[in-house]
Amino acid sequence: MLNLSPAALFSRVNNVVQPRPQEWLRAGVGASLGILSSVWLCQWVFGLPVALLLIGPVGASAILLFAVPSGALAQPRSILGSYLLAALVATAVAHFGGHTLAMAALATGLTLLCMFLLGCLHPPGGAVALNVVLAGPALQQLGELAILPVMLHAAALLAFALIYNNLTGVRYPKRPTPVIDLQHTRDAPPAMRVGITTADMDAALDEFGEFVDITREDLAQIIHNTEVSALRRNMGELCAADVMSRDLHWATPETSVRAALQLLQQHRLRVLPVLDEAQQLVGIVSLVDLADFAGRGGRRLLRRGGGQKTPLAEVMSSPVVAVDQHCHIVDLVPLLSNRGLHCLPVLEQGRLVGLVTQTDLIAALHRDLLRHLA
């Protein structure tokens with residue numbers, strides 16, 4: 001158990017989450033170009049004085065959209081919703097109460113309440129409310145139409161962030177990872193049936209009681225990566241080469257369906273690697289592939305002893321999901337549980353050297369469990 005003071009703990013966490021220098025440059029260039037594009041467009045439509053009156057909130061939003069694009073505060077709903085609410089609240093407050101400091105503070109507080117209620121918290125929205133109430137003559141002349149340059153700034157900055165972030169390798173906006181249902185049942189995927197659930201995270205966040213600037217998907221990913229890292233540390237250097245089967249049976253693309261089926265039955269196998277003349281892995285055929293072939297009209301052919309003229313090249317699965325022999329056993333688990341794979345070919349410099357089946361994985365995990373119990 002770590003025994004750290006609050007300051008030391010903050011320093012430890014801050015060092016861990018500090019992005020790479022390349023990310024500093026990417027974010028800095030993006031923020032600069034985003035501000036320029038937003039101000040230029042607003043200047044072109046409403047004139048430079050109006051555009052400059054709102055440049056402060058735009059600069060703050062640019063920091064969020066380009067430096068922390070994965071944060072909950074930087075998502076499109078947050079920036080568009082906060083700017084819209086701030087403009088509406090501020091124009092209403094200024095209309096009834098005037099352009100005073102007290103009204104600006106009131107508008108900021110009301111905007112914050114509205115952002116909480118509608119789930120679109122974005123700190124620069126408070127600055128938007130201040131700017132609209134305390135705006136100069138150029139913006140005050142627009143009256144209720146002051147919402148238009150505000151939303152143009154937000155839309156232009158967001159559009160640039162969408163393009164720039166994705167072009168520079170940052171997925172934006174954050175989207176939930178789709179859950180692939182291979183069995184088409186109401187059961188949760190195997191990895192989601194044990195461990196920390198969404199309900200557990202909701203309960204923990206409710207108990208924490210404060211706003212956390214992280215999406216639920218990112219929080220789940222951080223927890224998962226932490227669990228995987230701890231499991232990899234506890235299991236040592238156990239890798240695919242330690243658990244794989246080495247005495248393999250394989251076929252070629254020209255091998256007939258009938259011959260492949262006989263080979264599977266003879267050795268009680270569920271899958272058969274397919275190698276070309278250069279001994280390179282080009283495909284894999286499983287009982288599921290043969291069942292699909294039978295469902296397409298080959299059942300009667302197989303029953304009569306046929307299938308001699310149908311090569312595996314027509315029924316095999318390709319390309320093949322394969323792993324390197326040094327792949328840690330922890331990394332094999334999601335492939336053989338969530339991906340619906342029954343085995344993983346193991347390669348060494350592109351050549352097939354083994355197979356890791358679900359049975360091999362279970363045996364290895366069982367052996368590691370016994371080791372820890374002992």
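Helix H15 (residues 329-337) lies across strands S3, S4 and S5, running at about 140° to S4. Contact here means heavy atoms within 4.5 Å; axes are lines fitted to C-alpha atoms, for helices over the stretch in contact, and angles run from 0 to 180 degrees between N-to-C directions. Helices (H or I, at least four residues) and strands (E, at least two) are DSSP runs, numbered from the N terminus.

The model is predicted, with pLDDT of at least 70 needed for local features and 80 or more for side-chain atom pairs, while totals for chains, interfaces and linings use all residues. Residues are numbered from 1 along each chain as its sequence is written, and side-chain values use heavy atoms, leaving out hydrogens and water.

The three strands form an open sheet in the order S3-S4-S5, with mixed pairing. S3 and S5 are the edge strands, each with a single partner, so one side of each has no neighbour in the sheet. Two strands pair if DSSP finds at least two bridges between them. S3 and S4 pair in the parallel sense over two bridges, and Asp324 stands opposite Leu347 in S4.

| S3 | 323-324 |
| S4 | 343-348 |
| S5 | 351-357 |

Elsewhere, the structure holds four aromatic pairs. Rings of Phe, Tyr and Trp (its six-membered ring) pair if their centres lie within 6.5 Å; planes under 30 degrees apart count as stacked, over 60 as edge-to-face and the rest as tilted. Phe160 and Tyr164 are stacked, because their ring centres are 5.7 Å apart and their planes at 15°. Both lie in helix H9 (residues 147-167), four residues apart, about one turn of the helix. Ring pairs link Phe66, Phe160 and Tyr164 into a cluster.
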